[in-house]
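Dear colleague,

Please find below the structure that I am handing over to you. A description of the findings follows, arranged by topic so that you may read it beside the model.

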Amino acid sequence: MIKLQKLQNIFYDYLLAKNDNPSEIASYIKSNQYNEIYCHIYRQSMLENIKSSLRNIFCLTNNLLEQDCNFYVEKFVLENPVKTPFLIDYGNHFPDFLANELIKSKSYIAKLAKFEWIWHRVFFGENNKKVNLSLTNQIIKQKQCKVIFNKPNNLYLMYTTYDLPLLHKKLIIKSKKINIKNSQINKNCLHKILKKNSDNKYYYTALWQENYEILLHKLSIYEYNLLLIVDGKKDYLAICKKYFTIFKCDSDYALQQFASVFTCLYKLGLLKI
């Protein structure tokens, strides 16, 4: 008797069009009514569920793709089979897929898809409790510079060639949904924001969840690099030393700047012990 796991794999391969011969499945099933018609129903149902999940995750991206939305979504699903039982985990390669598929004049849409995917992951990811500053201040005073610092769980640090915080302001964000306020006006606005700036300027952003609210904060290059240093293994002095190595500075002014940047991130809840 065939093992259930093998039977599931055979059926799954057929649904993904890897095996178009239903007789291989039918030989393991004690039913004369099992034929390609029923297989086709399952196949279409599965594909529609997957495509629907993608359209929900990338709702704004699909809005901008307009009539091409179904074409790209279906092509992606067929070329990238689902390898997880949880559809909320499926779609991380869709932004890269769009970047390769779209013509140059529409390549900016892939940038928006990347932001939507990260937003989706933060929404369904781990929540962080708001830092109790009074309590942590007492611990820092006791341990002084030997305190080990870490970042919030499920924190995404991004650097982009477009103004992500400005893009965030232009969108209505309710729950995990991201929608356009006014479809025609904001589409044109989004085009301008997402297109690469001419001066090669980078924008640094932190995105995380705190008290079940998604927070987005614009960072300076100093704050961004300091957060990259923090790994849950270094204490204050080790972080400071690494920071000075990156920016190649050791003056009193640099020390004051580091303290200011560190304090700002700490108060925002982006540094915790």
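A residue is called buried when its relative accessible area is under 20%, exposed when that area is over 50%, and partly exposed in between. Please keep in mind throughout that this is a predicted model.

Cysteines

By the cut-off above, Cys69 is buried, because its relative accessible area is 8%. Cys264, in contrast, has a relative accessibility of 33% and therefore counts as partly exposed. How many disulfides does a search of the whole structure find? The search returns 0 disulfides.

Salt bridges

Side chains of opposite charge can pair when their charged atoms come close. In this model, the count comes to 8 salt bridges. Three of them are described here.

The pair with Lys75 and Glu101 is one of these salt bridges, and its closest N and O atoms are 3.0 Å apart.

Arg121 forms a salt bridge with Asp89, and here the closest N and O atoms are 2.9 Å apart. Because Arg121 lies in helix α7 while Asp89 lies in the loop between α5 and α6, the pair ties together parts that are 32 residues apart in sequence. Arg121 is partly exposed, with a relative accessible area of 23%, and Asp89 is partly exposed as well, with 30%.

Arg55 and Glu48 also form a salt bridge, with their closest N and O atoms 4.0 Å apart. The relative accessible area of Arg55 is 25%, so Arg55 is partly exposed; Glu48, at 37%, counts as partly exposed too. Which residues are linked with these two in a network of salt bridges? The network consists of Glu48, Lys51, Arg55 and Glu74.

Surface patches

With a relative accessible area of 31%, Lys170 is partly exposed. Patches are made of residues with over 30% relative accessible area, and Lys170, at 31%, is partly exposed on this scale.

A nonpolar surface patch is formed by Tyr38, Ile41 and Tyr42, which together have about 320 Å² of accessible area. One of these residues, Tyr42, is placed in helix α3 (residues 36-57) and counts as partly exposed at 48% relative accessibility.

Is His120 buried or exposed? His120 is buried, because its relative accessible area is 4%. This residue sits in helix α7 (residues 108-124). The C-alpha atoms of His120 and Ile88 are separated by 8.3 Å, although the two residues are 32 residues apart along the chain.

Ile148 is placed in the loop between α8 (133-143) and β1 (156-160), and at 37% relative accessibility Ile148 counts as partly exposed. Between the C-alpha atoms of Ile148 and Asp231 the separation is 9.0 Å, while 83 residues separate the pair along the chain.

A colleague

Definitions and conventions
Residues numbered from 1 in each chain as written. Predicted model: local features only at pLDDT ≥ 70, side-chain atom pairs only at ≥ 80, totals over all residues. Heavy atoms only, no water. Buried < 20%, exposed > 50% of the residue type's maximum accessible area, 1.4 Å probe, protein only. Disulfide = S-S within 2.5 Å. Patch = residues over 30% accessible without salt bridge, like charges linked within 9 Å, V, L, I, M, F, W, Y side chains within 5 Å. Areas by Shrake-Rupley, 256 points an atom, 1.4 Å probe, with all protein chains shown as cover. Salt bridge = Lys/Arg side-chain N within 4 Å of Asp/Glu carboxyl O. Helix = DSSP H or I, 4+ residues; strand = E, 2+ residues; numbered from the N terminus.
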